[in-house]
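Here are my notes for you, as numbered points. Have the picture open while you read.

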Amino acid sequence: MTTVLETPDAVTLTDDPTWWRQAAVYQIYPRSFADSDGDGVGDLRGVTAKVPYLRELGVDAVWLSPFYPSALADGGYDVDDYRDVDPRLGTLADFDEMVAALHAAGLRVVVDLVPNHTSDRHAWFREALASPKGSAARARYLFRDGLGEHGELPPSDWTSTFGGPGWEPVGDGQWYMHFFAKEQPDLDWTNPEVREDFLATLRFWSDRGVDGFRVDVAHGLVKDVAADAADLPTQAELDARTTLDGQHPLWDRDEVHEVYAGWRAVFEEYRPARTAVAEAWVAPTRRARYASSAGLGQAFNFDLLEADPDARSFREIISRNLRAAEESGSSTTWVFSNHDVVRHATRYGLPPRGDDTTKAGTAWLLSGGAEPVVDVARGLRLARAATLAMLALPGSAYLYQGEELGLQEVPDIPHAERQDPSYFRNPGVDAGRDGCRVPLPWTTSGPSHGFGEAGAHLPQPAWFAAYAVEAQDGDPASTLTLYRRALALRHELQTGERLEWLEVDGAGGAGADVLAFERPNGWRVVLNLGSGAVDLPGSEVLLASGPLGADGRLPGETAVWLRA
Ligand code: GLC
């Protein structure tokens, strides 16, 4: 693989501080994107080599999941050093070269910041383990004395988000708290040294030309963890507490916004001002403060990702989020897939989940995808239709690598090849997130479908060949072509930040399954999630997610862009 770039007509990025408001942002999971050195792990030079691909795809920015040094206890979200590159993924010089190449192609760069926890190999944590109880080194984390005569029992019965206990003993009667895996000790964000250090990290990457940050677990940083274990609430008490008043001991506390006000001051030191998007799994009503221009600027809205493809719920979600965006002054974000959830082309091929709105919903994957049976064709049809409609909404669209190929989740990764801690910490219950992190297929043949010259760090199934870029490139009916056309047209058509709902008629009440809207410039969008055909409210078809009926009507499970 070559990293020589052909960008004859380099694009100049503007100083527009609002570039992100309606950007299409492509998430790269670097270890699974492209492997330039044939070690089975994707790397930064791999990203650089694919800049022409990203440019042709037509996205405005890339967001890179963590590429920092890490033992990969949680796919890189366990960071050993916030200001370096994992040697398996490259060097800081490779990073600079990648940013230069992306910028020259007109693409902005967003990096992932993981402030809630370090890894257990971070210099601070090693120092904490080597230092006595009560030391300044331990005060950067949440160490507490255990219960029992010698501290042999955990300070509380708290559980980790990945399953299993939320405390880990260190052998001297003390335990440290971790929301996630035990290799991810939580920092104490009431400690000024922790706060200062992250400001240095923000400047480090901003100085290297990074345009923005995706903030991991943004709602979890500041916690109220009593010094004395006897004063800690039980897990049941925590679960019973509302998370809506800003006072929950662990989640979405009001004080976290003081941290982000400090970050905002750093963002404003740069031209254009740096920006950020919060990964905050909070109630919709609680998102505005993260998205405020005095804070991070934008917050993920996972409502569509969590919903079944149903016209009524989609419409309610879209209206609510556009209203919220207007109130916060930010723009909203739309997401169907990311590195934490089952790919939406697969999710939509599953029977409706009804009330089970768990974000990952991966339990079925434990059966290797056999139960319930996934209707792959339907999943892909619905994903293409829903995405086409989403790309016409006001706000930013976040796309996850591989969705432009209509890639399906890999359900049957052998136990021995699994990597995700949520799989290992929930035996038999959670299949984890490896199935959406399998390296991308670029070519139809070759050792790892063009991902690299050797194997892939998570095994690619044979059926990946049909989804390869090579198989789809130039095929007018392919999902890749649909994304390219949609993103190019979106550039031309993107306008204002409003929409108006349209009513569409269909035989036998089919209109109830339809979502239709118009943007101020006459750009009309119809998403038919039902099975019956509906009339088109316009004659000039710009793009459709699938074939239209011979009668010119819009069939079920299809979306269309029109001009009035
Ligand atoms: C976020 C990331 C996820 C990670 C977790 C802990 O939710 O998206 O991948 O496991 O934070 O850092």
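1. Start at H339: one of its polar side-chain atoms sits 2.9 Å from an oxygen atom of the ligand. That's a polar contact (a pair of N or O atoms within 3.5 Å). Bear in mind that this is a predicted model, where local features need pLDDT of at least 70, side-chain atom pairs count only at pLDDT 80 or more, and totals for chains, interfaces and linings use all residues. Residues are numbered from 1 along each chain as its sequence is written, and side-chain values use heavy atoms, with hydrogens and water left out.

2. Now look at two other side chains. D74 has a polar side-chain atom 2.6 Å from a ligand oxygen, and for H117 the distance from a side-chain N or O atom to a ligand oxygen is 3.0 Å.

3. How much of the ligand's accessible area does the protein cover? It covers 98% of the 310 Å² that the ligand has on its own (Shrake-Rupley method, 1.4 Å probe).

4. Around the ligand there are 14 residues, and D74, D216, E279, H339 and D340 come nearest (a residue counts if one of its heavy atoms lies within 4 Å). By type, the shell has seven charged, four nonpolar and three polar residues.

5. Next, the sheet: it's open, with eight parallel strands in the order 9-8-7-3-2-1-11-10. Strands are DSSP runs of E, at least two residues, numbered from the N terminus, and two of them pair if DSSP finds at least two bridges. Strand 9 (297-299) and strand 10 (333-335) each have a single partner strand, so one side of each lacks a neighbour in the sheet.

6. Strand 8 (residues 275-278) is joined to strand 9 by three bridges, and V277 stands opposite Q298.

Note on methods
Helices (H or I, at least four residues) and strands (E, at least two) are DSSP runs, numbered from the N terminus. A polar contact is a pair of N or O atoms within 3.5 Å; within protein, one must be able to donate a hydrogen and the other to accept it, and residues adjacent in sequence count only if both atoms are side-chain atoms. Ala, Val, Leu, Ile, Met, Phe, Trp, Tyr, Cys and Pro count as nonpolar, Asp, Glu, Lys and Arg as charged, and the others, Gly among them, as polar.
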